[in-house]
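Please consult the sequence and the model while working through each solution.

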Amino acid sequence: MEPNSVQWVGSPCGLHGPYIFYKAFQFHLEGRPRILSLGDFFFVRCKPEDPICIAELQLLWEERTTRQLLSSSKLYFLPEDTPQGRNSDHGEDEVIAVSEKVTVKLEDLAKWAHSDFSKWKCGLRADPVIPMELGKNGQKEALMRYRQSTLNSGLNFKDILKEKADLGEDDEDSNLLILSYPQYCRYRSMLKRVQDKPSSILTDQFVLALGGIAVISKNPQILYCRDTFDHPTLIENESVCDEF
């Protein structure tokens with residue numbers, strides 16, 4: 001694979017007219033191969049002068065006639081990076097979503113991806129609940145169940161997780177998670193309830209029953225979103241493909 005090229009990972013997961021849909025793609029970030037799949041959250045910068053934001057990958061497809069590789073993502077910004085700015089109603093772990101999803105060519109999305117997020121200080125930094133009885137494989141199964149229910153697609157990500165493992169991707173590569181406000185409140189409540197519980201009972205079933213989220217990152221960065229805004233200049237970005 002060429003350093004600046006992008007390619008699909010896994011077999012197609014759907015067909016509709018001239019479009020072939022996929023679950024993941026591979027590209028290079030800072031000279032290192034990386035795989036992003038549907039439902040992943042990752043840092044991007046739409047233009048060099050723009051603030052860093054978070055993208056949620058929601059759709060991947062190829063246009064068969066033009067062989068164009070395309071993506072659709074939802075973007076999230078910190079309140080202070082929106083036209084209205086941050087106010088007293090915004091929580092410290094809150095982000096605001098752009099009202100319209102953005103469609104960009106896969107090669108442009110790869111260029112948007114950002115690895116230097118040292119200045120991003122927001123988000124709940126909480127130790128994950130580690131299920132002692134089920135071990136790491138149990139965590140991965142729980143994460144897949146959560147991802148499938150979140151996407152509401154019924155897609156199986158086992159092959160993609162295997163590809164990521166074969167590539168040697170660390171769990172830290174996917175430690176971002178944006179929840180709805182009710183999910184975030186349940187998560188904070190769960191953390192409080194299991195704070196003094198013995199590790200022997202912290203199984204996936206117990207944590208999920210309390211409203212928890214199965215995370216496999218060593219240091220998950222949890223945020224939440226409850227509002228949207230109209231981005232004033234995103235439509236002017238040359239990478240955005242309105243025609244698709």
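**Exercise 1.** Determine how many aromatic pairs the ring-pair rule gives.

*Solution.* Rings of Phe, Tyr and Trp (its six-membered ring) pair if their centres lie within 6.5 Å; planes under 30 degrees apart are stacked, over 60 edge-to-face, and the rest tilted. The count is 6 aromatic pairs. One of them is tilted and joins Phe-41 to Tyr-76, at 6.2 Å centre to centre with 55 degrees between the planes. Phe-41 lies in strand E6 (residues 41-44) and Tyr-76 in strand E8 (residues 68-77), 35 residues apart; strands (E, at least two residues) and helices (H or I, at least four) are DSSP runs numbered from the N terminus.

The model is predicted: local features need pLDDT of at least 70 and side-chain atom pairs 80 or more, while totals for chains, interfaces and linings use all residues. Residues are numbered from 1 along each chain as its sequence is written, and side-chain values use heavy atoms, without hydrogens and water.

**Exercise 2.** State whether Phe-41 and Tyr-76 are buried or exposed.

*Solution.* Buried means under 20% relative accessible area, exposed over 50%, and partly exposed in between (1.4 Å probe, protein chains only). Both Phe-41 and Tyr-76 are buried.

**Exercise 3.** Describe the pair formed by Tyr-181 and Tyr-224.

*Solution.* This pair is tilted, with 5.1 Å centre to centre and 45 degrees between the planes. Tyr-181 belongs to helix H4 (residues 181-193) and Tyr-224 to strand E13 (residues 221-229), 43 residues apart. Tyr-181 is partly exposed because its relative accessibility is 34%, whereas Tyr-224 is buried because its value is 5%.
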